[in-house]
Protein chains: 2
Amino acid sequence: MSKPEVTELPVLQDGDAVPCCPPITAGELSQADAEKMAAMFKALSDPVCLRLFSKIASHPGGEACVCDIADVGVSQPTVSHHLKKPREAGLLNSERRGTWVYHQVAPSVVAAMATMLDLRA
Amino acid sequence: MSKPEVTELPVLQDGDAVPCCPPITAGELSQADAEKMAAMFKALSDPVCLRLFSKIASHPGGEACVCDIADVGVSQPTVSHHLKKPREAGLLNSERRGTWVYHQVAPSVVAAMATMLDLRA
């Protein structure tokens, strides 16, 4: 049996993350908005992290346990390590239920990133 | 007068960059797609770069010369340095006209990033 995660994780709710920012076509980003957005992009700037992120997003219900997504050729602690940045950037909500931590893509935050890159806006 | 840029730049056309990738909700990204997308996100993971990128995107005609956008508190060589990553990732098309290099946001590549983050897809 796989070793369960034991790290304590902050439980982020989607509502906690203030969706940011204006579309890039709307004008120069403020320093504060640029810092927030850069952190979000940075959180997805690693291929392993991005594959795990896509596995969570495409999992039934948009939610997955590490046990569901650990078949990308890395160990479970490595999976948890790779999910740390998107979690800290507010792109993933994580919640412990019993033994496992479940991760869910934060829809409003990811939608804000898509909006920011919407050139028609 | 400002010092003109003298670096030779590859001229990328928007059509050269193959828009990638499927929406993250469509399934697990392939390793190749994850690497391409991670490079694009990485190119926007710096606040200064992101502010410059938004200045170009919001400039009349979606195009700007370094001379147009160099008022972000960094030197012109620093501006050019910060634009190197998005250019290499295909997010900016750059073209020399006379003394200046003009940068334009590559619409299909940025649209592909937005599509990838579209949770409704």
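1. In this predicted model, 8 residue pairs are in polar contact across the interface of chain A and chain B, both partners being at pLDDT 80 or more. On the chain A side, α1 (31-43), α2 (47-58) and α5 (107-116) each supply at least two of the residues that touch chain B. The largest share comes from α2(A), with 8 residues. By class, the side of chain A that touches chain B has 21 nonpolar, 7 polar and 6 charged residues.

2. The rule also finds 4 salt bridges across the interface of chain A and chain B. One of them joins Glu28(B) to Lys55(A). The closest N and O atoms of Glu28(B) and Lys55(A) are 3.5 Å apart, within the 4 Å cut-off for a salt bridge.

3. Now the extent of the interface. Contacts link 34 residues of chain A with 34 residues of chain B. Together, chain A and chain B bury about 2800 Å² between them. Carbon and sulfur atoms account for 72% of that area. Three residues, Glu28(A), Arg51(A) and Leu117(A), supply 21% of what chain A buries against chain B.

4. Which rotation superposes chain A on chain B? A rotation of 180° does, with 0.0 Å of shift along its axis and an RMSD of 0.0 Å. That is the relation of a two-fold axis. Both copies use the same surface: 100% of the contact residues of chain A recur in chain B.

5. Which residue of chain A comes closest to the rotation axis? Ala114(A) does, its C-alpha lying at 2.2 Å.

Methods
Residues numbered from 1 in each chain as written. Chains lettered and ligands numbered in written order. Predicted model: local features only at pLDDT ≥ 70, side-chain atom pairs only at ≥ 80, totals over all residues. Heavy atoms only, no water. Contact = heavy atoms within 4.5 Å. Buried area = accessible area lost by both parts, 1.4 Å probe. Salt bridge = Lys/Arg side-chain N within 4 Å of Asp/Glu carboxyl O. Polar contact = N/O pair within 3.5 Å; in protein donor to acceptor, adjacent residues only side chain to side chain. Helix = DSSP H or I, 4+ residues; strand = E, 2+ residues; numbered from the N terminus. Nonpolar A, V, L, I, M, F, W, Y, C, P; charged D, E, K, R; others polar. Least-squares fit on C-alpha atoms with pLDDT ≥ 70 in both.
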